[in-house]
Amino acid sequence: MTDTLDITQPNRIPLPGGWADLRPVCDITERMRRPIKRLSARLTSYPAFLEAIQEAQAKGEGANLTAEDQLKVAATMGDAFDVLEELQDQLVIAAVRGWSWDFPVTADAVLDLPTPALDELRAAVAPYQNALNPNFEPSPDPASPTEPSSA
């Protein structure tokens, strides 16, 4: 399901015990994106977490780690685990327009979803992360203030 999800289009995804309607990434507002950017930047402050992710990706022949794999790595890194959990919840809040449960899509309500539904929902919205994260890479544009260093 997550491999073929087109985040540029609205999607209704089946979940254990219900469903969720995902909005296209272009409909995600800056108010929804800001916590994701903040938490993503905070994760970069855990060098051991980033190194562990890179090592795990290298062992997996360069494949991207799933959200579950990232949680397993973060679980060994103390505070990084909590930051990653909060980041995944914020991705759910940003991507989900509505769902079949009779409570609104909020940070507290995410915690009230049945665990299998939340796990599948987190996996489904994982592709949104790259689209919403800040780009920390230097710009290849020579006129950019973040032009790559020659050192």
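Student: What share of the 151 residues in the chain do buried residues make up?
Tutor: Start with the term: buried means under 20% relative accessible area, exposed over 50%, partly exposed in between, with a 1.4 Å probe and protein chains only. This is a predicted model, in which local features need pLDDT of at least 70, side-chain atom pairs count only at pLDDT 80 or more, and totals for chains, interfaces and linings use all residues. Residues are numbered from 1 along each chain as its sequence is written, and side-chain values use heavy atoms, with hydrogens and water left out. Of the 151 residues in the chain, the buried share is 38%.

Student: In what order do the elements of the chain run from the N terminus?
Tutor: Helices (H or I, at least four residues) and strands (E, at least two) are DSSP runs, numbered from the N terminus. The chain has six helices and three strands. Their order is β-β-α-α-α-α-β-α-α.

Student: How far does helix 1 reach from its first C-alpha to its last?
Tutor: Helix 1 spans residues 30-43, which is 14 residues. The expected span is 1.5 Å times one less than the number of residues. That gives an expected 20 Å, and helix 1 comes close to it at 19 Å.

Student: Why are the buried residues of helix 1 on the same side, and what arc do they cover?
Tutor: The buried residues are Met32, Pro35, Ile36, Leu39, Ser40 and Leu43. An α-helix has 3.6 residues a turn, so residues three or four places apart point the same way.

Student: Which exposed residues does the face of helix 1 turned away from its buried side carry?
Tutor: Look across helix 1 from its buried side. The exposed residues there are Arg31 and Arg34.

Student: Which residue forms a salt bridge with glutamate 30?
Tutor: A salt bridge is a side-chain nitrogen of Lys or Arg within 4 Å of a carboxyl oxygen of Asp or Glu. Glutamate 30 is partly exposed, at 31% relative accessible area. Its closest N and O atoms to the partner are 2.9 Å apart, and that partner is lysine 37.

Student: Which helices hold arginine 122 and aspartate 89?
Tutor: Their side chains meet in a salt bridge at 2.5 Å, N to O. The pair ties together parts that are 33 residues apart in sequence. Arginine 122 lies in helix 6 (residues 115-132), and aspartate 89 lies in helix 4 (residues 79-95).
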